[in-house]
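Subject: The structure you were waiting for

Hi there,

Here is the structure I promised to pass on. Please have it open while you read, and my notes on what turned up follow just below.

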Number of protein chains: 2
Amino acid sequence: MSSRATFPVSWQLARLPSPAATPAPADWIPATVPGAVQLDWARVQSLPDLHFGQNVRAYNGLEDFWWLYRAAIPAVKRAADERVFLAGDGLDYHAEFRAGDRVLLEHTGVCTPFELDVTGLAPGTPLEILIHPAPKREGAPPDRSQAAHVTKPVVSYGWDWHPRLIPLGLCHDTRFEKRPAAHIRHIDFRYVLADDFSSARITVAVETSMPSGITWRLREPGGRVVLESSESVATLREPQLWWTHDHGEPALYTLEVSLDAPGADAATRRVGFRRVRLVMHEGAWSHPAGFPKSRSLPPVTVELNGRRIFARGTNFVCPDIFHGRVDAATYEPLLALARDAHFNLLRCWGGTATPKESFFEQCDELGLLVWQEFPLACNAYPDDDAYLDGLDRESRAIIRRVRQHPCLALWCGGNELFNSWSRMDDQSLALRLLNRNCLDLDPLTPFIPTAPLEGMGHGDYRFLDPDGRDIFQIFRSAACTAYSEFGCPGLAPVEYLKTFIPAEELWPPRPCTSWETHHAFGAWSSDNALWINTRASEHYFGESTSLEQHVARGEWLQSEGVKSVFEEARRQSPRCSMALNWCFNEPWPTAANNSIVNYPARPKPAYYAARAACRPTLASARIPKFQWERGECFSAEIWVLNDSPVAQPGGELIVALECDGLVIELLRWRIPDLPPQQTVVGPSVRIKLQNTQDGEFTLMLRVTGHEDWDSSYRLSLRPAMDEIASVGARALNH
Amino acid sequence: MSSRATFPVSWQLARLPSPAATPAPADWIPATVPGAVQLDWARVQSLPDLHFGQNVRAYNGLEDFWWLYRAAIPAVKRAADERVFLAGDGLDYHAEFRAGDRVLLEHTGVCTPFELDVTGLAPGTPLEILIHPAPKREGAPPDRSQAAHVTKPVVSYGWDWHPRLIPLGLCHDTRFEKRPAAHIRHIDFRYVLADDFSSARITVAVETSMPSGITWRLREPGGRVVLESSESVATLREPQLWWTHDHGEPALYTLEVSLDAPGADAATRRVGFRRVRLVMHEGAWSHPAGFPKSRSLPPVTVELNGRRIFARGTNFVCPDIFHGRVDAATYEPLLALARDAHFNLLRCWGGTATPKESFFEQCDELGLLVWQEFPLACNAYPDDDAYLDGLDRESRAIIRRVRQHPCLALWCGGNELFNSWSRMDDQSLALRLLNRNCLDLDPLTPFIPTAPLEGMGHGDYRFLDPDGRDIFQIFRSAACTAYSEFGCPGLAPVEYLKTFIPAEELWPPRPCTSWETHHAFGAWSSDNALWINTRASEHYFGESTSLEQHVARGEWLQSEGVKSVFEEARRQSPRCSMALNWCFNEPWPTAANNSIVNYPARPKPAYYAARAACRPTLASARIPKFQWERGECFSAEIWVLNDSPVAQPGGELIVALECDGLVIELLRWRIPDLPPQQTVVGPSVRIKLQNTQDGEFTLMLRVTGHEDWDSSYRLSLRPAMDEIASVGARALNH
């Protein structure tokens, strides 16, 4: 087996005013790798808790220094032909590796691996890594446009849910490693499934440090070896397919590769077999009609192993400000929540770094598809050679790594690049280059240049739009093929707010306080209180009188809002085949955000609402609007949404309205037996709303024999201008 | 100078029932190269004139045979190190080159060059080229779908203006050529213009048969040498830019390349400097508005040397059924007509073969931009390796050749591939491959995967749509960014019809006669008489009583129709920046067609109408509809359309209406001075139409001092149901 071994070293760090500066002995501080220079600096300088109040300001400007890491070459007991390497999966962002006066390597990129053969350096020799200041495009204002010429994750330059804090440093495990002379440099596992999935033609390509015989074995999920070969190509009969958790089992095989020399290198990896495509939705070809005729909408329906699926999911963003302190344990609770929410697809948004390997490994295991974007978002990335060369390297590294994972659903060039706030277009060379690299390196995985494309929709991100339409109304009148971003804001829970908003600032929330630092005020748009949602809250309920009340109102709006869009998108199937709320998580504690999970992995009430709306099968109501007047005739269409791949018997659906503690039954309806993946349109209910005390009412859908399909909707009721006391209730089939 | 020399040979041809068959001596017939096997066969068999009546049927099935060319290796007097090659620019479609029992070369593709070193073959040795039967996809019906797996031009399989006749054979000059040992294999002239066009950084890459010193010289249009270099890279200061004829001079330089050995190879080529981009139109970023938000429309405005231009042009199709008999003389009259029509851009539609070099050379000289498509049209070209490999080869050959020409404006994957009749989409590997190849080989020329894209429009192709809207109305309510295909049908002139429709069939035209063979009946759609346009003609004028009358009516409709769309598209600038009528020419005599030039180069009346509408500057009227009722209030908006790059003084515009020989002046308007490329909105005219005799009236726009801006519109007038005799005339400014 492998004689690889890793030798731990002590890393030190010094902050330099200029690249040529020599640190004094006292300048060196201990460094944690992986990590970030800011974290090491904060530890030694005892900077206050980054997450609290407005402390993040104390980190301003650290990214404009030069930072020098160093470690002594470890003493490695090795055979004559063994080599020692310094290797890492990338670093943030640009660095020179030096020993004495010699520059051994220059490296750029968070996701481009590096390795340096240090066998020739005597043990104890200081190896230095000089990290350059964060790139900032000359002349650009201090916002995301400073990163419009680099592949460095742009979110760090400031976003509506991410403070401006630009990490630098060794953000990946960076290891001194002894390797046999003949060692594995890269394993490439590829396959083509037969059209009927009855076999997989497998290619195992192993890059080695020197010519070497190779043996590889494939173990099926149960552990039995099903293939063993010394050839690069072999055929597996009747592969168990990898499915998302809701459509089957995410079957994973184990690939074992070893070089044929005694004591030579070996490696193991989990692999899976799936075919994923983006296909046209049913009916797509009949539009546009008439002349002059444009094109039909681009395909966005995910077809997994020949089955069209509705993609219910979310936008996954960086789980921490510092990529360097993200590891498997960071992802675990978040991905467990995503899986439990019945999500089957996560969009890894282009503003952040491509997740680490453990993210994809966990998605492979959990049966979660991943839409992976390249590191471009909301900027006009230029056609110039310097940028394109960097993007070429970084994107190839990302593709080579991530294409191995069965969870990969599609590649995307980046976020919202064909919109006015980015101003890239179909001719942008960066996107043509990404299309090319994906074709060259991973031709069987779909590629889209950006989202949204024609037919897809991003937004709305508000419960109430400036025209006075609520989120129910906005999406009911939309007809997108995919809602790849939508959401509405919600506040963090009170007890959580108290952990990062100073007590004296807690009530009332105001701009220019920690509330603004934590994004409640001053995010996008002219509405300064956009995310704290003052306008919608006051529109429906009047001014809040306490923090508890304002938070509860915000949670109510966010929960019903997010739920309504997921369900409406599913009702619009098959034209629509995707709903991904913006956004799932957040990189630090936000006071108000479209997220449904607070940092690091605390579900907000809206999380549970999304989870309810994403059950494979559920009773659902299409409700015209959120707020009603007493005396108004309330109506709702009853549906059964069903994405389940297996047929299911129906049941009796009871629709009732609860108000002031009273329950009024509106309808009993016999749900027919459900064929796989077929949504059923039911009757409508109507009732004239009566006088109430509570200012709210709840529409309840209860399914006898399928309690797991039950749904309920909590709606607002306000006095009519002309108060009407009459009560009426009837149900209509249509 | 070059010691290249070409040795003419006599080609012979034999038709074979099977690939292994051996022709008897009597089976050999003389062959013309370049040409087509069908033409040689017809000559010997005295097949009747292909163009007349239904004679084309006599050619049915010839494409299903194997055809064997042969020529004796010529006796070549050569120096010891000189080589003899058989070379050609491609052949139609798949062939094996043999000498005796040996297969020397296999070749596929109309546009992929081949060369074969035959130096070792003794003079007199028969060199054979076995042409395989035309590819026909198994199981496909006898239509274009038979060619959905090959790069062979698909139009030959039958179209609404092209008979089903599938050429085979040596369609390019195929020459035995003596070359020096060191000879030039390919010259690649590339350049990057400085942002301010003050210099061009030139790269001359010469592929040679063996390592060799190279000298190149560049002569400016006047003949003076402005650069001479032995390096591959050099900088030209203040290059004269290549412009379309309407925006400047199509300046061409001459590149001379020679190898440095005495008596070595040399070559000369015309080159030019231009920067072409597709850019977003003014206002594009403000759409779409609201949420959920899709993307902004893709860019389609041509920017030439930093100047946005309105692309007025046409769809250029194959000028002959047989690519093999197309040469410079075929293109010359057609391109002269295109230039004289004030066109500045030709779209070379993907259904036909990429034109020969002489086409691009002439476009370079005439200042005509070319939109070049790859050979894909109206089919679902598959993702399979065999097709993709062939497309990869053929497309690379096309790009390597055509990218050299300054006339090249953009690459396009093919025709209407994202529409229901094709069913390819953004994920189709063929289109991703073409994007890649264009990026790799010609990154600075725009690429679009197909037309129409979102925002662009194809059609209408009728004067009157099934909803009763005429072409004026259809386009007035459209809002496309580019009308890359539009048109309406017109008949061929009577005297021309008589040359290919038998006298006894001439009147009345009927289906299942030569009229149908020549496309008047039975083209697309459920309207059997679509192109002969019976429905529109009878709708406006009632039944025709003679051929002359029917043709004249059709010519009237086509002329006013084509003119109205060109002018309307220009009025819609800057949102719209392109109008290309479908189509310019035709490959054989059609009885009725959207073409405006009959085969081979006979302008129809609609050609002159298009020419009038494409003048850089003209007075124009936006007229609500074609046919009016007596007593109705006629109105028209007056505009001055101006694409001229230079400012021009205005003039006095007189608008008048002519009816029954009487001229009624409606308006005099002082046109303001015209800034470059700025269209001016003028007043509207209105008049109540009075009783007339002629059934028509003409709106005349006369510009004092700019008679070349005059326009007139011939419109139909029919009696009102309730005949009104009152007359009124007034003109309103607004």
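Let me begin with a pair of strands in chain B: S18(B) and strand S19 (residues 301-304) pair in the antiparallel sense over 4 bridges. Here a strand is a DSSP run of E with at least two residues, a helix is a run of H or I with at least four residues, and both are numbered from the N terminus. Two strands count as paired if DSSP finds at least two bridges between them. Within this pair, Leu278(B) stands opposite Val302(B) in S19(B).

Before going further, a word on the source: this is a predicted model, where local features need pLDDT of at least 70 and side-chain atom pairs count only at pLDDT 80 or more, while totals for chains, interfaces and linings use all residues. Residues are numbered from 1 along each chain as its sequence is written, chains are lettered from A and ligands numbered from 1 in the order in which they are written, and side-chain values use heavy atoms, with hydrogens and water left out.

Back to the strands. The pair belongs to an open sheet of 3 strands in chain B, ordered S18-S19-S20 with antiparallel pairing. Strand S18 (276-279) and strand S20 (307-309) of chain B are at the edges with a single partner strand each, so one side of each has no neighbour in the sheet. On average, neighbouring strands here are turned by 35 degrees against each other, direction ignored.

Chain A also has an open sheet of 3 strands in the order S18-S19-S20, with antiparallel pairing. Its edge strands, S18 (276-279) and S20 (307-309) of chain A, each pair on one side only. S18(A) is joined to strand S19 (residues 301-304) of chain A by 4 bridges, and Val276(A) stands opposite Leu304(A) in S19(A).

Still in chain A, strand S13 (residues 214-219) and strand S14 (residues 225-229) run antiparallel and are joined by 4 bridges. Arg217(A) stands opposite Glu228(A) in S14(A). The hairpin of S13(A) and S14(A) has 5 residues between the strands, and Gly223(A) takes a positive phi near 110 degrees there.

Now to two helices of chain B. The axes of H9 (residues 534-541) and H10 (residues 547-571) of chain B come within 10 Å and cross at roughly 95 degrees; axes are lines fitted to C-alpha atoms, for helices over the stretch in contact, and angles run from 0 to 180 degrees between N-to-C directions. H9(B) and H10(B) are therefore roughly perpendicular, a label for angles of 65 to 115 degrees.

Most residues other than glycine have a negative phi, and most peptide bonds are trans. Cys378(B), not a glycine, has a positive phi of about 55 degrees, and is found in the loop between strand S23 (369-373) and helix H4 (385-402) of chain B. In chain A, a cis peptide bond joins Gly459(A) and Asp460(A), with omega about 0 degrees. Another cis bond joins Ser573(A) and Pro574(A), with omega about 5 degrees; Pro574(A) is in the loop between helix H10 (547-571) and strand S29 (578-581) of chain A.

Conventions:
Angles under 35 degrees count as roughly parallel, over 145 as roughly antiparallel, 65 to 115 as roughly perpendicular and the rest as oblique.
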